[in-house]
Amino acid sequence: MKTNTKKYYALALLIIGFSFAANAQTRKRTTTKTTVTKTVVNNTPRRVSSKMVVYKTPKKKVVAVRTVPNKRVVKYQGQNYYYANNRFYTSSRGRYIPIAPKIGFRISSLPVGYNRVRYNNRVYFNIGGTFYTEVGNEYEVVEPEIGTVVYELPDDYEKVTIDGLNYYEYANVLYEKIQVNGTRAYEVVGIIDME
């Protein structure tokens, strides 16, 4: 009888132990997040190969202009680019083609209408989907950190799909639509590496 009691006692402890383990696992599974999981390694944003990105509109129409009034020359890695009306241009065959700004472009003053965005003790100046930080007496184009939130996208953003998930892209920055206190917003979730 004592042997059976010990067996039942051991069996009861075993069952109780499994139920605690099952409850602990259940609690872990109930924690969900509505946004994309952030992958940050040494403050490097989650990188996505351009080969993985599928654009909803495969070909984007590029509109070249003959002149750019009040343009300023921006020298970058030995080449001349042009800046006017919060847009960057490159010159080709006597025409100016609008381009997404390259990381490292600098301008001397911010255009009217910029938004100040704070994230992780950093201050960004965002205008038209381009992020700047203050460097000395100039403003340099930078990549925003993963998790940075903005409340509107630039007019010429594009819808993209990566591994079956939908995102918004502008200037190689990927955004996901989220809600912040009941207001629609867009969170930076990745950067596209151009190859």
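This is a predicted model: local features need pLDDT of at least 70, side-chain atom pairs count only at pLDDT 80 or more; totals for chains, interfaces and linings use all residues.
Begin by selecting Tyr139, which at 16% relative accessibility counts as buried.

**Stop 1: the ring partner of Tyr139**

The ring centres of Phe125 and Tyr139 lie 5.6 Å apart and the planes meet at 85°, so the pair is edge-to-face. Colouring by secondary structure places Phe125 in strand β9 (residues 122–127) and Tyr139 in strand β11 (residues 138–141), so the contact ties together parts that are 14 residues apart in sequence.

**Stop 2: the sheet around β9 and β11**

Switch to a cartoon view and display the strands from β7 to β11. Here 5 strands form an open sheet in the order β7-β11-β10-β9-β8, with antiparallel pairing. The edges are β7 and β8 (115–119), each of which pairs on one side only.

**Stop 3: charges between β7 and β11**

Which residues do the salt bridges join into one network? First, Glu140 forms a salt bridge with Arg106, the closest N and O atoms being 2.8 Å apart. This pair links distant parts of the chain, with Glu140 in strand β11 and Arg106 in strand β7, 34 residues apart. Next, the side chains of Glu138 and Arg106 meet in a salt bridge at 3.4 Å, N to O. Glu138 lies in strand β11 and Arg106 in strand β7, so this second pair ties together parts that are 32 residues apart in sequence. Through shared partners, the salt bridges join Arg106, Glu138 and Glu140 into one network.

Glu140 counts as buried, at 17% relative accessibility. Glu138 counts as partly exposed, at 31%, and Arg106 is likewise partly exposed, at 34%.

**Stop 4**

Now select Arg87 and Asp156. The side chains of these two residues meet in a salt bridge, 3.3 Å from N to O. The pair links distant parts of the chain: Arg87 is in strand β5, while Asp156 is in the loop between β12 (149–150) and β13 (158–162), 69 residues away. Arg87 is partly exposed, with a relative accessible area of 34%, and Asp156 counts as partly exposed at 24%. The structure holds 3 salt bridges.

**Stop 5: the aromatic cluster**

Step along the chain from Arg87 to Phe88 and show the aromatic side chains. The structure holds 10 aromatic pairs. In one of them, Phe88 and Phe105 form a tilted pair, 5.0 Å centre to centre with 50° between the planes. Phe88 lies in strand β5 (residues 87–92) and Phe105 in the loop between β6 (95–99) and β7 (106–107), so the pair ties together parts that are 17 residues apart in sequence.

Ring pairs link Tyr76, Tyr81, Tyr83, Phe88 and Phe105 into a cluster.

**Stop 6: a charge over a ring**

Select Lys71 and Tyr82. The charged end of Lys71 sits over the ring of Tyr82, 6.0 Å from the ring centre.

**Stop 7: the whole protein**

Of its 195 residues, 33% count as buried. With the surface displayed, the accessible area comes to about 13500 Å², of which 50% belongs to carbon and sulfur atoms. How much of the contact set joins residues at least 24 apart? Among contacts between residues at least 6 apart in sequence, the share is 52%.

Definitions and conventions:
Residues are numbered from 1 along each chain as its sequence is written. Side-chain values use heavy atoms; hydrogens and water are left out. Rings of Phe, Tyr and Trp (its six-membered ring) pair if their centres lie within 6.5 Å; planes under 30 degrees apart count as stacked, over 60 as edge-to-face and the rest as tilted. Helices (H or I, at least four residues) and strands (E, at least two) are DSSP runs, numbered from the N terminus. Buried means under 20% relative accessible area, exposed over 50%, partly exposed in between (1.4 Å probe, protein chains only). A charge sits over a ring if NZ of Lys or CZ of Arg is within 6 Å of the ring centre and within 35 degrees of the ring normal. Two strands pair if DSSP finds at least two bridges between them. Contact means heavy atoms within 4.5 Å. Accessible areas come from the Shrake-Rupley method with a 1.4 Å probe; for residues, only the protein chains shown count as cover. A salt bridge is a side-chain nitrogen of Lys or Arg within 4 Å of a carboxyl oxygen of Asp or Glu.
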